[in-house]
Amino acid sequence: MNSIRLLTLISALFFVAIGISSPLITIYLRELGADFAQISLILASVTITMFFANYGWGWLSDRIGRRKPLLVIGLLILSTAFFLLSRVPNGNYAWAARVFEGVGGAAYSTVSLALMGDLLEAERQKGRSMGGFRGIGSFA
């Protein structure tokens, strides 16, 4: 399997995992005793964290010039964040796990796009290939 197909498969699995867990997190947080205001804050914190962390991960990947190790680190952060989230005793710890998830999500999403751009550098139809890569991820 070539690198482009492998990265596309990993991306699809990443989005499937996020897509399956996201609707259930609100119910899980409610079971932990979080009220609706706290749930809103916890859910928004992932996006806010990713907003700021995306730039940092992009800067770091350009700075060191290697993408694969950062991609693996991002996936490890995500898996650790989900593991921690499954073990939290209350909403406050869930908030911390979700912020950590935002850091890992930013690492994966930013670095995977940069890596795909690197892999497609010599391709004539970069746009179509990138669209397929992101489209398959969104579909998943």
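Tutor: By class, the lining of the largest pocket comprises 6 nonpolar, 4 polar and 2 charged residues; Ala, Val, Leu, Ile, Met, Phe, Trp, Tyr, Cys and Pro count as nonpolar, Asp, Glu, Lys and Arg as charged, and the others, Gly among them, as polar. The model is predicted: local features need pLDDT of at least 70 and side-chain atom pairs count only at pLDDT 80 or more, while totals for chains, interfaces and linings use all residues. Residues are numbered from 1 along each chain as its sequence is written, and side-chain values use heavy atoms, with hydrogens and water left out.

The lining includes Phe14, Phe15, Met50, Arg98, Glu101 and Ser109. A pocket here is an open set of points on a 1 Å grid over the protein atoms alone, where a 1.4 Å probe fits, with protein on both sides within 12 Å along at least five of seven lines; lining residues have an atom within 4 Å of a point. Its volume is about 170 Å³, taken as the space filled by probe spheres set on the points, which are joined across faces, edges and corners. Helices α1, α2 and α4 each give two or more residues to the lining, and the largest share, 5 residues, comes from α4; helices are DSSP runs (H or I, at least four residues), numbered from the N terminus.

Serine 109, one of the lining residues, lies in helix α4. Serine 109 is buried, with a relative accessible area of 17%, buried meaning under 20% (1.4 Å probe, protein chains only). Leaving aside neighbours within four places in sequence, serine 109 is in contact with Met50 and Asn54, contact meaning heavy atoms within 4.5 Å. The side chain of serine 109 also reaches the backbone oxygen of alanine 106 at 3.5 Å.

Conventions
Buried < 20%, exposed > 50% of the residue type's maximum accessible area, 1.4 Å probe, protein only. Polar contact = N/O pair within 3.5 Å; in protein donor to acceptor, adjacent residues only side chain to side chain.
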